[in-house]
Amino acid sequence: MKKRKLKVVSLIVVLVLALLCWGYQKVERFADTPLAIQQEAIFKLPAGTGRVALEGLLVRDKLIRNGAWFPWLLRLEPQLAEFKAGTYRFTPGMTVRQMLKLLASGKEAQFSARFIEGSRLRDWLLVLQQSKYLKHTLAGKSEAEIAVALGLPEDTHPEGRLYPDTYLYTAGMSDIALLKRAHLRMIKTLEAAWQSRDTSLPYKTPEDLLTMASIVEKETAVPEERTKVASVFINRLRIGMRLQTDPTVIYGMGDAYNGNITRKDLETPTPYNTYVISGLPPTPIAMPGQASLEAAANPAKTPYLYFVADGKGGHQFTTNLASHNQAVRAYRQVLKEKNEK
């Protein structure tokens with residue numbers, strides 16, 4: 001009788017162990033199962049989400065096909081249950097265990113907002129508006145209100161005061177917080193350019209250098225030309241000649257600019273029309289990058305007073321009006337030949 005009971009107990013123990021082994025293997029297999037996604041997925045885990053709620057979210061979003069083994073995995077590996085609220089990026093091939101480790105790490109997904117050199121504040125606001133994971137606080141605000149939010153001095157225009165680059169952010173960061181980062185970058189970059197500048201240049205303040213850099217940025221995209229372009233405008237400032245640069249006219253036209261500049265536009269006074277005003281315009285006209293800041297701080301030493309596009313992606317630089325007019329005619333001929341092809 002005792003032997004029979006012993007056999008039964010032994011059988012039960014074996015069955016239990018076999019069941020536990022089978023269950024453990026199932027849990028392990030579940031943990032190593034890739035998420036049910038074919039492309040990158042963004043997952044938001046709300047604050048206060050518990051184990052059951054997380055399982056429900058994963059099943060609802062079809063990230064896992066069956067949650068039956070989910071609670072058992074968290075019991076076997078309790079460190080995986082220490083997940084943190086946030087917005088996470090799941091990638092194809094990521095397993096359930098890897099996903100839970102990510103949630104436990106708190107390493108939220110990072111998103112990017114790219115601002116190119118020569119862009120304007122209104123371009124930046126459009127990029128921010130289209131960045132759906134940002135917290136939007138600037139909608140409907142004027143440039144003056146944005147300047148206040150950035151902490152700029154009273155009556156300071158925010159144009160030109162943000163450093164163009166690609167900025168990373170996590171979901172929920174505010175748009176103004178991102179702009180403040182760009183503003184601090186510009187403050188540091190401008191200060192470095194100001195400290196390393198040629199002190200003989202006719203700048204009274206760092207803002208003058210910033211404005212010149214913005215003009216250089218808009219005039220050429222050819223790296224090796226920037227210092228020569230800056231030299232033309234410096235030479236003009238030194239002899240009291242008007243800058244006569246089209247990008248400033250365009251900026252002053254605002255929404256009236258339709259892609260073309262007429263003679264009337266060149267003759268119509270605005271605070272930015274450098275065909276009419278003397279010296280630099282009152283503010284920068286775009287967000288300059290570091291290369292243009294450096295060019296404005298240390299322009300080449302040249303005799304040039306003019307430049308015009310050469311039709312090949314660059315510019316022809318000249319020292320006198322007669323040579324400039326000849327270069328303009330050559331450029332127009334190049335355009336004519338291109339249009340006839």
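Which side chains meet in a salt bridge at 3.8 Å, N to O? In this predicted model, the partners are Arg161 and Glu207. The legends below describe close-up views.

**View 1. Domain layout of the chain, with domain 2 and domain 3.** The domain assignment divides the chain into domain 1 (36-108), domain 2 (110-188) and domain 3 (200-340). Taken over C-alpha atoms, the centres of domain 2 and domain 3 lie 26 Å apart. Domain 2 supplies 16 residues to the contact, and domain 3 supplies 16 residues.

**View 2. Area buried between domain 2 and domain 3.** The two domains bury about 1300 Å² between them. Carbon and sulfur atoms account for 59% of this area. On the side of domain 2, the residues that lose the most area to domain 3 are Gly118, Arg120 and Glu159. Together these three make up 35% of what that side buries.

**View 3. Salt bridge between Arg161 and Glu207.** The side chains of Arg161 and Glu207 form a salt bridge, with an N to O distance of 3.8 Å. Two salt bridges are found across the interface of domain 2 and domain 3. Six residue pairs, with both residues at pLDDT 80 or more, are in polar contact across this interface.

**View 4. Helix H5 and the side of domain 2 that touches domain 3.** Helix H5, spanning residues 121-129, gives the most to this side of domain 2, contributing three residues. By class, the side of domain 2 that touches domain 3 comprises seven nonpolar, four polar and five charged residues.

How values were computed:
Residues are numbered from 1 along each chain as its sequence is written. This is a predicted model: local features need pLDDT of at least 70, side-chain atom pairs count only at pLDDT 80 or more; totals for chains, interfaces and linings use all residues. Side-chain values use heavy atoms; hydrogens and water are left out. Domain bounds come from an automatic or database domain assignment. Contact means heavy atoms within 4.5 Å. Buried area is the accessible area (1.4 Å probe) that two parts lose on being put together, summed over both. A salt bridge is a side-chain nitrogen of Lys or Arg within 4 Å of a carboxyl oxygen of Asp or Glu. A polar contact is a pair of N or O atoms within 3.5 Å; within protein, one must be able to donate a hydrogen and the other to accept it, and residues adjacent in sequence count only if both atoms are side-chain atoms. Helices (H or I, at least four residues) and strands (E, at least two) are DSSP runs, numbered from the N terminus. Ala, Val, Leu, Ile, Met, Phe, Trp, Tyr, Cys and Pro count as nonpolar, Asp, Glu, Lys and Arg as charged, and the others, Gly among them, as polar.
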